[in-house]
Amino acid sequence: MAAIKVHVLLFLLSIILAIDSSLSYERPPARKSIFLSLSQDLDSSSPQQVHISMVGEDKMRVSWITEDSGTPVTVQYGTSPGSYPISANGDTTTYKYILYKSGEIHNVVIGPLKPNTVYYYRCGPDSSPEFSFKTPPAGFPIKFAVVGDLGQTDWTTSTLDHISKSNYDVMLLPGDLSYADTLQPLWDSFGQLVEPLASRRPWMVTQGNHEIEKIPVVHSEAFSSYNARWLMPFEQSGSTSNLYYSFEVAGVHVIMLGSYTDFGPGSAQYNWLTNDLKKVDRTKTPWLLVLLHAPWYNSNTAHQGEYESYGMKNSMEDLLFNARVDIVFAGHVHAYERFTRVYKDNANNCGPIYMTIGDGGNREGLASKYIDPKPETSVFREASFGHGEFDVVNATHAQWTWHRNDDDEAVVSDTIWITNLVSSPSCKI
């Protein structure tokens with residue numbers, strides 16, 4: 001009965017979204033949404049929705065949900081299958097959303113861990129199934145999978161299938177995860193959908209507009225579901241909010257910004273970003289990446305004129321330019337676009353490369369209309385579902401490839417070799 005109600009609500013919500021989107025830009029037909037109910041083969045203490053995320057350079061947070069409140073908050077792990085000589089304990093939280101009450105959300109930080117090593121682990125009781133993950137390398141090369149606006153449709157499953165074959169080390173997701181949009185069982189469904197990948201490689205995410213689930217009078221907290229389920233290592237980077245943080249891995253400093261929390265000069269996020277950029281040591285991490293949800297540069301007709309884009313750009317573009325950020329990844333627009341190096345709307349060899357990668361598989365479809373003529377700063381743009389791979393080969397060079405999956409095959413449609421800015425004599429900080 002509960003599943004039927006969810007499907008009815010999804011149907012009504014899709015009608016509302018279709019009406020709303022038709023007023024702004026046309027989308028081709030989307031594929032059907034997927035709803036995964038909790039497995040009937042597992043008991044109430046069995047771990048579900050398992051995913052991992054990095055905490056510092058040699059630790060990993062293991063997160064999972066159970067129905068049973070008496071489950072041990074313990075992760076046992078080791079480097080051989082079936083052998084778990086090390087264990088760590090953690091914390092459990094829950095949250096309520098109107099009439100919905102979440103399962104028991106468990107978080108355990110394990111480590112120190114060796115780089116580029118496969119670990120086998122189990123969550124909770126000794127009877128739990130075995131999972132495994134591989135830690136990122138200590139240095140170059142390292143490969144990132146990059147995809148935004150995932151959702152949970154047939155397009156999503158196609159995208160995830162292609163990513164699973166890419167042998168990536170870390171997933172970067174610039175917002176719009178589950179598309180639950182207040183329907184909390186969809187968070188559980190999303191957790192189940194991504195578990196096969198998210199339990200095996202660290203997923204580092206930031207929030208998008210679909211994570212805003214604030215309802216006036218009824219529910220006052222905007223990101224309660226997201227913050228409870230996808231805890232990121234914000235405290236380790238000196239941030240006071242799970243909505244923005246940074247981390248370092250294998251010679252790359254990655255900054256995750258929040259498009260939907262205060263970002264103006266003097267705000268907590270602005271001050272944190274200023275301090276974080278000052279701490280970046282480009283001799284240790286010669287690559288500097290930024291992820292956010294609402295793109296600062298966008299030649300699609302979708303999402304033009306939104307304050308989260310132009311307001312944040314006006315506030316923070318100088319900070320990123322002066323720090324010689326190499327690439328800025330964004331989502332929000334359901335298409336792919338790559339810009340040249342840009343600063344203040346003009347091509348600039350010392351500015352970041354801006355990329356929109358909001359093409360993971362959302363239920364709303366693609367944003368297929370572009371501004372004509374194409375801006376000179378826009379190099380490649382296409383309204384197709386897909387994913388990106390950022391393969392950092394060494395301290396100066398990396399290869400970016402974008403893989404279209406409109407025909408259910410991962411086809412390399414855009415590729416470029418990138419030299420980072422600290423290796424450019426004319427762009428020294």
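The conversation that follows sets computed values against the cut-offs behind the words.

Modeller: Please keep in mind that this is a predicted model. The secondary structure of the chain comes to 6 helices and 24 strands, and of its 429 residues 61% count as buried. Among contacts between residues at least 6 apart in sequence, 69% join residues at least 24 apart. The chain exposes about 17000 Å², of which carbon and sulfur atoms supply 52%.

Biologist: What makes C350 and C427 a disulfide?

Modeller: The sulfur atoms of C350 and C427 are 2.1 Å apart, and a disulfide calls for cysteine sulfur atoms within 2.5 Å, so the pair qualifies. A search of the whole structure finds 1 disulfide. C350 lies in the loop between β19 (346-347) and β20 (353-357), while C427 lies in the segment after β24 (411-419), so the pair ties together parts that are 77 residues apart in sequence. Both cysteines, C350 and C427, are buried.

Biologist: Why is the disulfide of C350 and C427 called left-handed?

Modeller: The torsion about the S-S bond of C350 and C427 is about -85°, and the disulfide is therefore left-handed.

Biologist: Why is S63 called buried?

Modeller: The relative accessible area of S63 is 1%, and buried means under 20%, so S63 falls on the buried side of the cut-off. The residue lies in strand β2 (residues 59-66), and, not counting residues up to four places away in sequence, S63 touches Q49, V50, H51, H106 and N107. By the same cut-off C123 is buried as well, with a relative accessible area of 0%.

Biologist: What makes the pair of S63 and N107 a polar contact?

Modeller: The side chains of S63 and N107 are joined at 2.6 Å, and a polar contact needs a pair of N or O atoms within 3.5 Å, one able to donate a hydrogen and the other to accept it, so the pair of S63 and N107 is counted as one.

Biologist: How do you know that the buried residues of α5 are on the same side of the helix?

Modeller: The buried residues of α5 are Q269, Y270, W272, L273, D276 and L277. They cover an arc of only 160° around the axis, which puts them on the same side of α5. An α-helix has 3.6 residues a turn, so residues three or four places apart point the same way. On the other side of α5, K278 and K279 are exposed. The buried residues of α5 pack against β14 (245-249), β15 (252-256), β16 (287-291) and α6 (307-322).

Biologist: What span does α5 reach, and what is expected of it?

Modeller: Helix α5 (residues 268-279) has 12 residues and reaches 17 Å from its first C-alpha to its last, close to the 16 Å expected at 1.5 Å a residue.

Biologist: How do you know that S239 is buried?

Modeller: S239 has 5% relative accessibility, and the cut-off for buried is under 20%, so S239 counts as buried. Its place is in the loop between α4 (224-229) and β14. Leaving aside its neighbours within four places in sequence, S239 is in contact with F234, Y244, Y245 and W272. The side chain of S239 also reaches the backbone oxygen of S241 at 2.9 Å and the backbone oxygen of Y244 at 2.7 Å. S239 and A268 are 29 residues apart in sequence and 8.5 Å apart in space, C-alpha to C-alpha.

Biologist: What makes N420 buried?

Modeller: N420 has a relative accessible area of 1%, under the 20% cut-off, so N420 is buried. The place of N420 is in the segment after β24, where, apart from neighbours within four places in sequence, N420 is in contact with P286, W287, D326, R341, A395 and T396. A polar atom of the side chain of N420 lies 2.7 Å from the backbone oxygen of A395.

Note on methods
Residues are numbered from 1 along each chain as its sequence is written. This is a predicted model: local features need pLDDT of at least 70, side-chain atom pairs count only at pLDDT 80 or more; totals for chains, interfaces and linings use all residues. Side-chain values use heavy atoms; hydrogens and water are left out. Helices (H or I, at least four residues) and strands (E, at least two) are DSSP runs, numbered from the N terminus. The expected span of a helix is 1.5 Å times one less than its number of residues. Buried means under 20% relative accessible area, exposed over 50%, partly exposed in between (1.4 Å probe, protein chains only). The arc is that of the directions from the helix axis to the C-beta atoms. Contact means heavy atoms within 4.5 Å. Accessible areas come from the Shrake-Rupley method with a 1.4 Å probe; for residues, only the protein chains shown count as cover.
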